[in-house]
Amino acid sequence: MSEKMDLRISGASAMPGGDYGRVWISGSGKVQGNLRADSISCAGSAKVLGNVVTEDLGCSGSCSLKGDVQAQKVHASGAMKVEGNLSGEEIRISGALKTEGAIHCQRLKISGGLSVGEDVEAEEVSLNGGAKICGLLNAEKIELEGSPAAKIRDIGCSSLKVRKARSGWFSKMVGIQYALEVNSIEADQVDLEYTRADVIRGRDLRIGYGCRIRRVEYTGTCHAEEGTVEELVKV
């Protein structure tokens, strides 16, 4: 039984896709086609012109992946762009992640910037920095610390906690800046600060300082700072 061949691409060279063992891509190296490997390490301005399937995907610098990506672990510093869907067990990004499709994973941790063209589905989500999610963010537990604001279409979860990142003197001069802007939130437990939302539906809620909510519907308890909620309804 033969072992899979490793692949190393450096400089401005390109290699065809295929099924490999370990893959290293550095410089402006390029893979022309679908890539399946035990592990993939990208540095510089690496590109893969196809789908990616791997156990471990690590990227530093600028990494562009033109298809869908399936990886048990994704860890990246710098900028990663996925033109398809991204799925995995654990996704950790320090820098920027942009996907034109959806994200499906168990744990998602972003320190920096996140842009998602469709939905995000996970068990645990931690966002520290700016974010834009054009679809639904659905998770069991979400913790968000935004500055500038995370802009998310809709949120559904069991537990949601939002805090604003510590701001400097300029932010204090221009007034309140939101950590989260969202159309709707549906959650069991909600603990918010500096959030602007149209509708929130939940069980036990705390609406803290800096929030601006049009309508809140709750079934358990709700503690809202004065002036933060326009319409408060217990159902």
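Biologist: Where is Gly156 found?
Modeller: In strand S10, which covers residues 150–164. Keep in mind that this is a predicted model.

Biologist: Is Gly156 buried or exposed?
Modeller: Buried. Its relative accessible area is 14%, and buried means under 20%.

Biologist: What does Gly156 touch, not counting residues up to four places away in sequence?
Modeller: Leu136, Leu137, Asn138, Ala139 and Glu186.

Biologist: And how many residues apart in sequence are Gly156 and Gln189?
Modeller: They are 33 residues apart. In space, C-alpha to C-alpha, Gly156 and Gln189 are 11 Å apart.

Biologist: New topic. What about the phi of Tyr194?
Modeller: Tyr194 has a positive phi, about 50°, and it is not a glycine. Most residues other than glycine have a negative phi.

Biologist: Where does Tyr194 lie?
Modeller: In the loop between strand S11 (180–192) and strand S12 (195–207).

Biologist: Buried or exposed, that Tyr194?
Modeller: Tyr194 has a relative accessible area of 19%. The cut-off for buried is under 20%, so Tyr194 counts as buried.

Biologist: Now charge. Which residues form the negative surface patch?
Modeller: Glu118, Asp119, Glu121, Glu123, Glu124, Glu140 and Asp188.

Biologist: Which strand gives the most to the negative patch?
Modeller: Strand S9, residues 120–146, with four residues. Glu140 has its place in strand S9.

Biologist: What is the relative accessibility of Glu140?
Modeller: It is 42%, so Glu140 counts as partly exposed.

Key
Residues are numbered from 1 along each chain as its sequence is written. This is a predicted model: local features need pLDDT of at least 70, side-chain atom pairs count only at pLDDT 80 or more; totals for chains, interfaces and linings use all residues. Side-chain values use heavy atoms; hydrogens and water are left out. Helices (H or I, at least four residues) and strands (E, at least two) are DSSP runs, numbered from the N terminus. Buried means under 20% relative accessible area, exposed over 50%, partly exposed in between (1.4 Å probe, protein chains only). Contact means heavy atoms within 4.5 Å. Patches are made of residues with over 30% relative accessible area and no salt bridge: like charges are joined within 9 Å, nonpolar side chains (Val, Leu, Ile, Met, Phe, Trp, Tyr) within 5 Å. Accessible areas come from the Shrake-Rupley method with a 1.4 Å probe; for residues, only the protein chains shown count as cover. A salt bridge is a side-chain nitrogen of Lys or Arg within 4 Å of a carboxyl oxygen of Asp or Glu. Lys and Arg count as positive and Asp and Glu as negative; His and the chain ends are not counted. The place of a charge is taken as NZ of Lys, CZ of Arg, CG of Asp or CD of Glu.
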